[in-house]
Amino acid sequence: MEFSVKNGSVEKQRTACLVVGVYEPRRLSQAAEQLDKLSDGYISTLLKKGDLEGKVGQTLLLHHVPNVPADRVLLVGCGKERELTERQYKQVMQKMIQVINDTGSTEIVCCLTELHVKARSIYWNVRFAVEAIQEVGYTYTDFKSVKPEVRRELRKVAFNVPTRKDLTDAELALKHGKGIAAGVAVAKNVANCPPNVCTPKYLADCAKALAKEYTNISTTIIDEKEMKGLGMNSYLAVSQGSQNPAYMSIIEYKNHPNPNAKPIVLVGKGMTFDSGGISIKPSEAMDEMKYDMGGAAGVYGTMKAIAEMELPLNVIGVLAGCENMPDGNAYRPGDILTTMSGLTVEVLNTDAEGRLVLCDALTYVERFEPELVIDVATLTGACVVALGAHTTGLISTSNALAHDLLNASEQADDRAWRLPMGEEYQEQLKSNFADLANIGGRYGGAITAGVFLSNFTKKYTWAHLDIAGTAWKSGAAKGATGRPVPMLSQFLIEKVQKPS
C-alpha cells in the first residue's frame with residue numbers, strides 16, 4: 001500500500017473517499033465541520049436524525065454529498081473528544097479500512113490524523129495509523145490452495161494533516177511507520193510458517209536473504225560443527241534429539257557514522273518447534289509451539305525495520321535457531337552440561353530448553369564488545385500467568401536500560417512490565433551437583449528464568465524480554481503478533497535521538 005501526507009483544503013479533495021471524524025455525542029471534527037459548511041449542513045442534519053452517534057468505531061458512508069468533490073465521504077465515530085486512547089485510535093483506523101475495502105475504493109484521503117489522542121503528537125497519529133492499517137491488512141495464506149477473493153484493493157492512503165508545519169514530522173512518521181510495519185509483517189510471516197518448513201536452516205536462510213536485500217547488512221551462519229569447536233555444549237544438547245541441525249545466524253547492520261561504534265546486540269530465542277523433549281508437553285495446543293521461535297522472529301523483524309528506516313546505528317541481531325525433540329539421542333533430565341562460559345548446569349526439566357540455548361548465545365556475543373545486549377524469548381508459561389497476553393515481561397541488571405525499554409514500550413504502545421531480581425531468586429537455582437539448575441521450582445518461574453540468564457551476562461549491560469504471552473494469539477484469531485518489533489524499533493529510534 002502507498003502512503004503519503006499532504007496539507008490541503010478539505011473542501012477541494014477529489015478522491016474516491018474522504019474520511020472525517022465525528023465525536024460523541026454527534027460533534028463534528030474540524031474537517032467534518034468544513035464539509036458540513038460546504039454542504040449547507042447536510043452532515044449535521046443527518047446526525048440530528050440519529051444516523052450516527054459518534055461512538056468509537058461507528059461508521060456512516062455517504063455518497064454524493066452536496067458541493068463536495070469526493071465520490072464518497074466516510075464518517076467515523078471517534079468517541080469523546082478528549083478521551084481517545086491509542087488503542088481506540090487504532091481501532092478507528094482499522095474500522096475505517098474495513099469499511100473502505102467493502103466499497104471497492106482504491107484511494108482515500110484520511111483526515112483522522114487531526115484527532116486528539118491523549119499525550120500524542122501528529123507524528124504519533126500518522127505512525128500509529130500506518131501501523132494499524134498495515135496490521136488489519138495482514139494475511140498469511142502461503143499454504144492455502146484456494147486464496148481468499150479480494151475486491152478492488154485499496155492502494156493509496158493520503159493523510160491530510162492540519163498545517164504545513166506538520167508535514168516534516170508526518171513524513172518522518174511515514175518512514176518509521178512503514179519500516180516498523182514491514183518488520184512486524186516479516187516477523188509474523190516467519191513465525192506463522194509451519195515447523196516442517198520453518199526449521200533452524202530456514203531461519204538461517206531468512207537471515208542470509210536480509211544481507212542480499214540491504215547493502216549495510218552482512219550475515220554469518222554458525223553451524224553445529226563450529227558450535228562444538230566453540231564449546232557451545234548447552235546449545236547443542238538441546239538440538240541433539242532433532243534431525244534438523246541447529247544454526248545460529250549473526251546479522252550485522254552497520255550504519256553508524258563512526259564505524260568503530262560499539263554495537264547494540266539483540267539475541268532471539270529461535271526454537272522452531274518445542275516438543276518439551278523428554279519432559280514432553282501436553283498434546284493440547286502443542287501445535288502452537290511453532291511459535292517458540294517468536295524471539296528470533298522479533299529480532300529478525302527488528303533488523304528489517306531498522307534497515308528500512310536507515311537508522312544510523314550499529315546493531316547485531318542473533319537468531320538462535322534450534323529444535324527440541326524427544327528421540328533416543330535427546331538430552332535427559334539429570335544430565336549435566338558444561339556451557340560455553342564454563343559454568344555447569346544440571347538439567348531438571350528438558351522443557352526449560354530456551355535458557356540452555358540462550359546462555360551459550362549470550363556468552364558468544366561477548367566477542368562483539370557490545371554497548372548493550374537485549375535477549376528476546378518466549379521463555380516461560382509463568383510469564384503468561386503473571387502478566388497475561390497483553391504485557392511483555394522485562395528483567396534487567398541495569399536500571400537505566402530497563403527505564404529506556406519501558407519508556408519505548410509506552411511510546412510504541414507495545415507495553416512491558418519490569419519484574420524484580422534478587423539473590424533470593426538466585427538461591428532457587430542452586431544444584432547439589434552443578435553450578436546451576438535449569439529451573440528454580442514452581443514459584444516465580446518467569447523471574448528465575450531471567451535470573452538464570454543473568455549468570456551469563458556479567459560482561460555487558462543486559463536486559464531480557466519474555467514474550468511468551470505476547471508473541472502470538474490463540475483461538476479463532478490464532479497467529480503471530482509481531483511483538484516486540486514496535487518496542488525494540490522505538491528503543492533504537494530513541495538511541496539515535498538521544499545524545500551519546
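What follows is a short tour of the fold, the surface and the cores.

This is a predicted model, in which local features need pLDDT of at least 70 and side-chain atom pairs count only at pLDDT 80 or more, while totals for chains, interfaces and linings use all residues. Residues are numbered from 1 along each chain as its sequence is written, and side-chain values use heavy atoms, leaving out hydrogens and water.

The protein has 15 helices and 20 strands (DSSP runs numbered from the N terminus: H or I of at least four residues, E of at least two). Its radius of gyration is 25 Å, close to the 23 Å from the globule rule for 500 residues, so the protein is as compact as a globular protein of that length (taken over C-alpha atoms; the rule is 2.2 Å times the number of residues to the power 0.38). The C-alpha trace spans about 85 × 50 × 45 Å along its principal axes.

Now for the inside. Of the 500 residues, 57% are buried, meaning under 20% relative accessible area with a 1.4 Å probe, protein chains only. The largest nonpolar core holds 95 residues, and Met96, Leu112 and Phe159 have the most contacts inside it. Such a core is a set of buried Ala, Val, Leu, Ile, Met, Phe, Trp, Tyr and Cys residues joined through side-chain atoms within 4.5 Å. Helix H5 (residues 167–192) gives the most to this core, with ten residues. A second, separate core of 49 residues includes Met227, Ala237, Ile250 and Val267.

Conventions
Buried means under 20% relative accessible area, exposed over 50%, partly exposed in between (1.4 Å probe, protein chains only).
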